[in-house]
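Hello,

I am handing over the structure we talked about, and below it you will find what came out when I went through it. Please read slowly and keep the model open beside this email.

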Protein chains: 2
Amino acid sequence: MRGVIVEEHGGGVHRVPAAEHLALTSAVLTDLGAPPGPAREQAEMLLEGDLRGHASHGIRRLPVLAERIAHGVLDPAAEPEPVWRTDSVLTVDGGTGLGPPVAHRAVEALLARVPGTGVAVAAIRRAGHLGMLAPYVERMAAAGVAGIATTTSEALVHPWGAAPAMIGTNPIAVAIPTAGEPVVLDMATGSISRGKVLDHAARGEPLPAGAAVDATGSPTTDATAALDGAISPFGGPKGYALALVLELLVASLTGTALGRDVRGTLDTTEPVTKGDLLIAFAPTAFGTGTPLDPFLDELRALEPAPGHHGVQVPGDRARAVRARNLAVGVPVDRTTWEQVRALRT
Amino acid sequence: MRGVIVEEHGGGVHRVPAAEHLALTSAVLTDLGAPPGPAREQAEMLLEGDLRGHASHGIRRLPVLAERIAHGVLDPAAEPEPVWRTDSVLTVDGGTGLGPPVAHRAVEALLARVPGTGVAVAAIRRAGHLGMLAPYVERMAAAGVAGIATTTSEALVHPWGAAPAMIGTNPIAVAIPTAGEPVVLDMATGSISRGKVLDHAARGEPLPAGAAVDATGSPTTDATAALDGAISPFGGPKGYALALVLELLVASLTGTALGRDVRGTLDTTEPVTKGDLLIAFAPTAFGTGTPLDPFLDELRALEPAPGHHGVQVPGDRARAVRARNLAVGVPVDRTTWEQVRALRT
C-alpha cells in the first residue's frame, strides 16, 4: 500500500502508537511556548501527515517549527485576528502563529456562518504551515458543507516552457459531503514532492518520467540533477495553468506573496509570506441537491483496466492508509523521532 | 499558431468576417424563435468558439441547437428564473433555454451583488450549452472580479483505473483581474476533446500518447479504437480526481445529473441535465491585494527551455489567436458554413 511507506532519513522506519506521537509532539510544542490548545491542534496535524503516509507533512516538520520559534519568526502563542469584512468574507491575520490553530478557528467561523449565507470564504495571511489540507475540508464535510482549501507555497515548480522554479507546489483540497464518507481530494499541483526528490537523490533512484527538469529545463529522471532544476507541474501545461491561477487567486484575496517571494514554511529564518484560502458551500442553501453515493459506488465497482486494481474515489485510499496506520502504529523515520525526542530536554 | 487551425469536416477551411458570422447565426436563431437579445448572445458565443480556434464550440453547434429546438427539448424563448436564496447564492432554472443568455443574466446578477458580499455563487440548471467558459469569467474580470466557471458534460472520460466513459470532460475556467489583461484559464479536464478524436479518426492520424484508452481500458493512440473506448483525464489520477470533484460539486449545488445521466449538449433529443456553476470573488472586499503584473511579466520574460518557445500566461495565447482571426477572418469549416446557410431557408 503505497501510502504506508514512509520516506526514510537513513534511520529506518519506526512505528509508534498514535497517542505516543501526539503526546510527544504536543509536549515539545508546549515546551516551546505554545498554549495547550494550539499545541494540541498543531500536534494533531503532524500526526495526520504521518498517519496518511505523507512524512513531509508529519513529525519531520517539528524541528523546523522549533527553529522558526527560536529565530523569532514564528510566535507559538499568537492570537489570530479574524475580521468579518462582509457576511461571507472572513480575513484572518495569523500573527505569525502556528498554522493549524489559525485555520481551525477559520473553519469554525465558516461553519457557523455558511448555513445562513450559503457560501463563505476565509482568506488567511501570516499563519504557519497548515499541514495536510484534507483534514480542514473533511471537517467541513462532516458538517454537511462542501469545502475547498488551497494555499501558496515556496517556488519549487517551473512554469511550462522554462527552467526556473517560480511557482509553488500549491496544493488544493476539496471535500464533498455524501450520505456516507465524504469524497476528499488533496493533491499538490507539482508532479512530485521535494521530499521525494530528496529521498530519491539520497538513494540514487531515478524519478518517474516527467516529474522534474534539470537546471537547463530539460526533463530528467536524475534526482540529483532535479535538485538543481525544478519540479514539473502535474499534467503538463494544464497543470501549470491550474497551479498558476491558484497562486494568483490566493495572493489576490489574501494580500500575500507570489513566486520566489513566498517564504516561511520550509526555511527557518524568514517571516511567513504565503497565504491560505478556505471556501465553504452549504448545499442545503442551494435547494435540492443530487444523491452522490449511487454514482460513487458505481465507480468503485467498475472492472479494473489492465494493469490497474480498480477505481479509487478520492479519499478512499487515504482513509484506508490512515486506518491501517492507526492500527499498526504510525510510521516515522527513526532518526527524526530521536531528533524530536531530543527537543524535549 | 495552433489555435488558428480549425478542425475540418471535409469541406476545407473558409474564413468569414466576424460580422458576417454573427449576422448569419443570429438570423438563424431568430428564425428558430429566439428573441433578438438571446439570439445575439448565443450567436456571440458561437463566434467566440470559432474566433478562439475551438470549432467544437463554434458554429458547428448551431445545427445541433436547431435540431434540439425542432425536437422540443430546447426552448429558444425561455425566460430564466433566477432566485436569490441568500445574499450571495443565486440559483437559476434556465427553463431549457439557450445557455448563453441564462449564464449572462447570472453573471450580471453576480456582478451587481458581489462588491457588497465579497463572494457570490450562481448555480444553474436546465440551461443549454454555455459555449466557451472563458468569456463569462473574462466579463467578471473586466469588472475587477475574480471568477470561476465550471460545468458538467456528457460522460466521455474514464475514471483512472477503469475503461468506461463515466465522467464529463468537465471544463473549468478561471479569470483573475490584473492591472492589464486578465489571466484566463479555460481548460477541459479531459486530455483531448471528442471533436479532436473524431477528426483524428477521420484522417487516420494517431492520437497523442496518453490521450485515450480503447474499449478494454488499455491506452491507445489509435483514434478509431479510442472512439470505442474513452478519453483519458489530463494529468493521470490527479486529473481524474479533479474532474470528479468538479462533477460532484456542480451536481451537489445545482441538483443536476452525474456521469452517464448527463445529457443534452451533444445529442438532439434529450432534455438537458447538466449543471453550471459560476463563482465570483470581489478582491476589494478582502482588503489590500497583491499586484500580480510584475510576477506575470517575469514569467513571460523567462528564457525558453529546450524545445519550448517560452512561457505563456494563461489567456495570452487565446487573446492572440482571437485577435488574428478577427483580423484575417473567422475560420469555419466550409461544409458547416453551407449547412448553416441552408438553415435560413
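Arg260(A) lies in the loop that links α8 (236-254) to β13 (275-281) of chain A, where helices (H or I, at least four residues) and strands (E, at least two) are DSSP runs, numbered from the N terminus. This is a predicted model, in which local features need pLDDT of at least 70 and side-chain atom pairs count only at pLDDT 80 or more, while totals for chains, interfaces and linings use all residues. Residues are numbered from 1 along each chain as its sequence is written, chains are lettered from A and ligands numbered from 1 in the order in which they are written, and side-chain values use heavy atoms, with hydrogens and water left out.

Arg260(A) is partly exposed, with a relative accessible area of 43% (buried means under 20%, exposed over 50%, partly exposed in between, with a 1.4 Å probe and protein chains only). Leaving aside neighbours within four places in sequence, Arg260(A) is in contact (heavy atoms within 4.5 Å) with Ala155(A), Pro164(A), Ala165(A), Met166(A) and, from the other chain, Glu298(B).

Because 17 of its 19 residues are buried, α8(A) is largely enclosed by the rest of the structure. The helix is followed by Gly255(A), whose phi is positive, near 70 degrees.

Strand β4 (residues 119-127) of chain A runs antiparallel to β13(A) and is joined to it by 7 bridges, and Arg125(A) has Gly275(A) in β13(A) as its bridge partner.

Finally, the two chains meet: 79 residues of chain B are in contact with 79 residues of chain A. The area buried between them is about 6000 Å², of which carbon and sulfur atoms give 75% (buried area is the accessible area, with a 1.4 Å probe, that two parts lose on being put together, summed over both).

Best wishes

Definitions and conventions
Pairing = 2+ DSSP bridges.
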